[in-house]
Amino acid sequence: MANNEVQNQSLIEKLQLIDRRIIFVFIACAVVIPLLVGATMEEETTPIVQAFFDYVENLPEDSRVLLSFDYGPTTAPEIQPMADAIVRHCAERKCKLYMMAVWATGHNLTGETIVNVLNPEFPDYKYGEEYVNLGYKAGNQGLIRLLLVDFKRMYSTDAAGTAIDSIPMMENINNLKNFDLIVSFGGGFPGIKEWVLYAGDPGNVPVGGGCTAVSAPLLYPYYPNQLIGLLGGAKGAAEYENALITAYPQYENKRMAGMSLMVSQTVSHMVIIFFIIFGNVLYFLHRSKQKANGIEGGQS
Amino acid sequence: MNFDIGIWIAAFLTLGIMSFLYKDNPWYKISEAIFIGLSAGYWFVSLFWQNLVSKLWDNLWPALDALFTRGEFTGGLLYLIAGILGLMMLMRLVPQIGWISRWPLALVVGATAGLQFINYLVSNGVIQVYNTITPLFGPVSEAGGIAPVTDVWHGLGNALILVGTFTGLVYFFFSKEHKGFFGGAARVGTWFLMITFGASFGYTVMSRMSLLIGRLDFLVNTWITGIFT
Amino acid sequence: MKHSASSTFAFLFLFLIFTGVLFAQDEPIDSAMVDSVATAVEEMVPVNPPKPAQLDIVQDNPGDAGSSIHVSWILSPDDGAGDNDVTSYIIYRSESPTGPFEAVGSASRGLVEFEDATTTDGIEYYYYVETVAGDDSARSSISRPIKSSAQWFSTKDIDTFIIGLMISLSVIFFIFAAQKGKELYLRKIAGLEAVDEAIGRATEMGRPILFIPGILDMDDVQTVAGITILGRIAKTIANYDTKLNMPVSRSIVMTTARETVKQAYVAAGRPEGYSDDMVHYLTDEQFGYVAAVDGIMVREKPATCFYLGAFFAESLIMAETGNSIGAIQIAGTAMPAQLPFFVAACDYTLIGEELFAASAYLSGEPKQLGSLKGQDIGKMIAMAAILIGCGLFTVASITNSESLLSLANTFRSIFSAS
Amino acid sequence: MKRTVPLAITFIVGTVLVLADFIPHKPFGNLGDDFSLYFDIIAVFAFLLGGGNLIRVHLTKINRKRPDWQFSIVTLVGFVVMLAAGIFKISNPEGIQGDVAAIGSLFNDLYMYIFTPLQASMFALLAFFVGSASYRAFRAKNIEATILLIAAFIILLGRTPFGLWLTEGLTGDLAFLQIPNLANWVMDVPNLAGQRAIMIGIALGVISMSLRVILGVERTYLGQDSD
């Protein structure tokens with residue numbers, strides 16, 4: 001009996017000092033298995049995302065949408081799905097897409113959306129007529145302020161160096177007020193907040209945004225007066241994709257990045273929460289055993 | 001570079017770094033070695049073009065040109081001082097006069113102390129005091145420029161912020177022993193610090209996960225899927 | 001600035017009217033005149049323009065470096081009231097009352113001021129504000145001429161100056177008091193008490209000590225703090241004759257750290273024990289540096305790791321790796337977001353202020369310790385300010401007394417730092 | 001000379017920069033910016049020391065055939081290739097005048113296909129370490145640790161659908177107990193208080209340390225006289 005108890009105790013102790021690689025395996029599985037299975041999680045679209053979707057859905061044909069890619073590779077996993085979903089939706093609505101970046105790192109990511117989504121899925125979209133990549137310009141919020149007054153002074157060429165006046169779809173763009181919608185992807189600085197403060201508010205142009213889950217709480221207060229809607233983290237992306245599939249059933253069988261990332265994210269959080277609970281249960285078992293054996297709580 | 005080769009290289013290096021989680025191994029070592037060499041080179045190239053060329057040379061050259069061709073003294077000549085300070089750093093390579101490198105170091109440390117003195121005083125000190133000053137309860141007219149206390153909970157929240165900031169500062173006192181009432185207050189202060197640490201930890205977990213998901217998504221859906229299609 | 005043809009035309013047209021009015025008299029136009037102009041505009045444009053905002057004060061920004069003029073106006077009657085259709089204000093500027101005027105900025109509805117930070121000192125400027133409501137707009141009268149200039153004291157910062165001076169003087173006072181032999185009590189800080197033990201352990205085990213001064217350069221004060229602590233720790237290391245391994249991610253930090261460690265070895269009477277190889281550069285890149293440090297950790301298995309300086313996301317990667325090799329870890333940073341990770345994974349963590357106090361603590365010199373007492377005075381000032389401020393506001397709020405409220409606001413504005 | 005001059009430089013530069021913040025007039029107004037420019041320039045020269053050290057360390061390792069010397073070759077090759085690609089703008093489609101990171105240049109390719117994945121992978125390791133650290137550190141060992149655990153747990157739950165699902169039933173007057181609401185409250189109130197105490201403390205710590213440095217009380221970083 002006593003022997004048995006000692007063995008039990010040592011098992012608890014062993015589990016408490018569990019090799020961390022076991023935890024690593026669990027976390028890796030929590031992420032990889034949903035990705036491999038291709039599991040998706042339908043996120044019921046919340047009002048803040050639905051409002052965004054409805055706004056795009058109601059844009060007339062040939063509306064001018066400015067998309068600013070204001071993020072870098074480290075937040076791309078969360079934000080790229082949003083950019084992809086919104087580009088898809090705008091292209092379905094036959095909007096004209098103007099892509100730019102106030103982050104230097106945004107330029108390459110703009111390219112990814114064009115190469116992975118726009119070109120293969122919408123082969124009819126012609127560069128210079130239906131979409132244009134203006135590239136990155138330095139200047140942070142100062143740039144936004146200037147664009148509000150004079151767009152072409154800052155962008156005299158597109159990203160490839162083509163003169164802006166030779167691009168047909170740039171003809172009537174004089175300042176930010178000529179756009180029907182501005183979407184900023186990225187919650188850092190400069191980002192959605194700066195677009196709201198220096199373009200949306202003074203120019204009275206509708207602004208929508210997509211940002212990481214971490215920065216979303218700071219931006220919620222701008223909805224609905226200053227932001228038409230906001231996508232926060234993988235969840236926001238998944239909600240938008242859900243709305244997109246509901247309205248355009250042809251996407252039902254398409255792999256939606258946000259919806260599949262959402263599964264991995266939720267499961268991996270569960271794993272971490274599980275381990276915290278597990279660790280504490282073990283700890284209390286261990287301590288009550290020690291108390292029963294008359295040993296004072298060893299660790300402090 | 002061929003795009004597919006790029007994917008294979010990226011996958012190889014990604015797995016190499018991840019293999020460290022199991023244990024140190026040659027695959028990790030080679031990824032690490034590439035990373036160190038490449039990134040050190042990358043930084044030097046960035047410093048070279050952004051600092052040496054566009055900050056020093058592009059400012060200094062026109063000034064020197066003006067000085068020697070027209071005999072004009074222009075503000076750009078001040079960059080000469082920066083260049084000289086930089087060269088002084090290199091004097092370390094000559095042991096006899098290595099001590100000269102302390103001059104630019106002294107400048108750097110002194111300037112850092114001076115600049116950060118003010119930065120921290122304002123943004124970390126004074127403004128945080130400003131933000132903490134609010135009414136604890138009762139309506140405040142709009143003139144205050146502070147959000148009026150709307151209900152008991154809001155007021156309690158404000159009071160809690162006051163208590164937390166106050167006791168937190170008590171904890172940091174160096175010249176008083178944490179005993180008696182003072183010790184009690186310091187203890188409460190540590191509780192608030194613990195909440196802060198717990199909250200930031202919990203808050204960050206989510207964003208860290210999405211980074212990993214991004215990487216593994218690349219492996220699963222770009223690389224592996226790419227092999228079979 | 002470019003304007004579309006129609007707006008340019010509208011501009012010219014309106015200016016003709018303004019010019020006419022202005023040429024009639026040298027004095028800036030009075031409000032009655034402006035009203036009549038506004039009426040004239042209203043009659044000609046068959047839409048419903050908003051009632052214009054009126055310029056309030058246009059002046060040089062006081063206590064600044066020049067090159068900026070402060071423009072403020074009284075809200076349009078249609079902003080927040082009336083038709084409530086005002087969307088924004090656009091501020092125009094010219095070097096001549098007759099124009100041409102160019103837009104220098106804009107402000108959202110509800111705002112009453114704008115800072116034009118693009119002026120040239122000594123030139124006279126004229127301003128007016130255009131009130132925009134959808135496609136319609138109306139403009140204010142034109143301001144009197146105004147020049148910007150630079151000043152020698154930033155009057156708006158006087159409060160900050162006095163607060164800084166008070167704290168500095170108390171620090172300096174206690175430095176001198178301590179130097180004269182005044183006894184000071186200082187409480188113990190666990191992380192610093194453990195330094196000797198941690199170095200001793202490495203010596204016993206015959207393993208190296210790893211020192212990481214953060215990933216920022218010498219222009220960050222946390223790095224400076226880390227290096228000053230290094231000076232103290234290196235002396236103990238020299239005494240124990242233990243191996244120090246200090247990989248750095250910045251070249252200037254490398255140079256400074258070498259000076260510091262060398263000095264410590266000389267001070268400990270063991271100059272021969274020092275070698276430049278103790279401090280070596282890896283790469284400036286954050287994660288490249290971490291990859292290399294992790295490699296060093298698992299291969300050299302240091303018995304003790306110090307992380308003292310500015311850290312970002314890499315904090316947890318290093319601290320967890322250090323934990324896995326069973327090292328004693330002492331960390332300290334003023335990066336609030338990284339503190340939790342160090343607290344979770346290290347044996348001791350110096351929290352914020354403690355990092356900056358550490359070198360003074362370890363030195364044991366009275367002068368240095370005195371400065372810590374001065375710091376405490378600063379804390380007392382902050383605590384008193386918070387208590388008094390909250391008290392004033394609360395009493396004002398309960399009694400609904402306007403005079404108390406304005407007193408409370410004045411008190412609070414001392415700390416507004418602008 | 002070897003020590004007095006640096007001390008004097010530190011004192012003068014430090015004092016002037018503290019005061020300069022209150023003097024908007026030229027040349028004081030933008031001394032801070034001037035300094036960061038100077039610093040950037042000094043940093044390039046200093047890199048020659050750092051990069052030189054990197055080369056020396058690895059060459060020695062290769063020479064003496066120390067353990068893992070083969071990897072030092074890789075590091076050196078990576079360093080030199082990147083350096084050459086960037087300085088000489090190898091295969092840059094815009095030529096030597098073009099942007100160093102122009103798309104299609106060797107420099108940009110190395111950055112995109114080697115540097116970025118390495119960086120992202122290293123960053124991604126954090127997710128694993130967050131897991132192992134939470135398992136070990138979040139134990140209710142004493143009051144402080146329990147508070148840390150509870151705060152972290154509320155925030156974690158509040159950011160997953162699980163948290164909402166668990167407490168969805170609490171409505172009306174009890175709605176504030178819903179975990180997402182609770183999480184927001186923890187962030188906005190007690191977390192903020194602790195954050196402020198830390199920040200104000202840091203401000204005072206920096207001020208005091210800066211004064212020690214400026215006044216020359218703290219001078220460990222300057223090396224010794226008899227050099």
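Analyst: This is a predicted model. Chain C has an open sheet of three strands, ordered β1-β2-β5, with antiparallel pairing.

User: What makes β1 and β5 of chain C edge strands?

Analyst: β1 (54–60) and β5 (113–116) of chain C each have a single partner strand, so one side of each lacks a neighbour in the sheet. From one strand to the next, the twist averages 20°.

User: How do you know that β1(C) and β2(C) pair?

Analyst: Pairing takes at least two bridges between the strands. Five bridges join β1(C) to β2 (residues 69–74) of chain C, so the two count as paired. They run antiparallel. C:Asp60 stands opposite C:Ile69 in β2(C).

User: How many bridges join β5(A) to β6(A), and how do the strands run?

Analyst: Four bridges join β5 (residues 207–211) of chain A to β6(A). With at least two required, they therefore pair. These strands run parallel. A:Cys211 stands opposite A:Gly232 in β6(A).

User: Why are both faces of β6(A) called covered?

Analyst: In a regular strand, side chains alternate between the two faces of the sheet. In β6 (residues 229–232) of chain A, A:Gly229 and A:Leu231 lie on one side. A:Leu230 and A:Gly232 lie on the other. A residue is buried if 20 or more other C-beta atoms lie within 10 Å of its own. All four residues are buried, and both faces are covered.

User: What describes the crossing of α7(C) and α4(D)?

Analyst: The axes of α7 (residues 286–300) of chain C and α4(D) come within 9 Å and cross at roughly 60°. The crossing is left-handed. That label requires the near helix to be turned anticlockwise from the far one by less than a right angle.

User: Which residues meet there, and of what class are they?

Analyst: C:Phe287, C:Val290 and C:Ala291 in α7(C) meet D:Gln119, D:Met122 and D:Phe123 in α4(D). Five are nonpolar, one is polar and none is charged.

User: What makes residues of chains D and A count as in contact?

Analyst: Their C-beta atoms must lie within 7 Å. By that test, 22 residues of chain D are in contact with 20 residues of chain A. On chain D, α4 (106–137), α5 (143–158) and α6 (161–167) each supply at least two residues of this side. The largest share, ten residues, comes from α4(D). By class, the side of chain D that touches chain A has 13 nonpolar, six polar and three charged residues.

Definitions and conventions: Residues numbered from 1 in each chain as written. Chains lettered and ligands numbered in written order. Predicted model: local features only at pLDDT ≥ 70, side-chain atom pairs only at ≥ 80, totals over all residues. Contact = placed C-beta atoms within 7 Å. Nonpolar A, V, L, I, M, F, W, Y, C, P; charged D, E, K, R; others polar. Axes fitted to C-alpha atoms, helices over the stretch in contact; angles between N-to-C directions. Buried ≥ 20, exposed ≤ 12 C-beta atoms within 10 Å, placed from the backbone.
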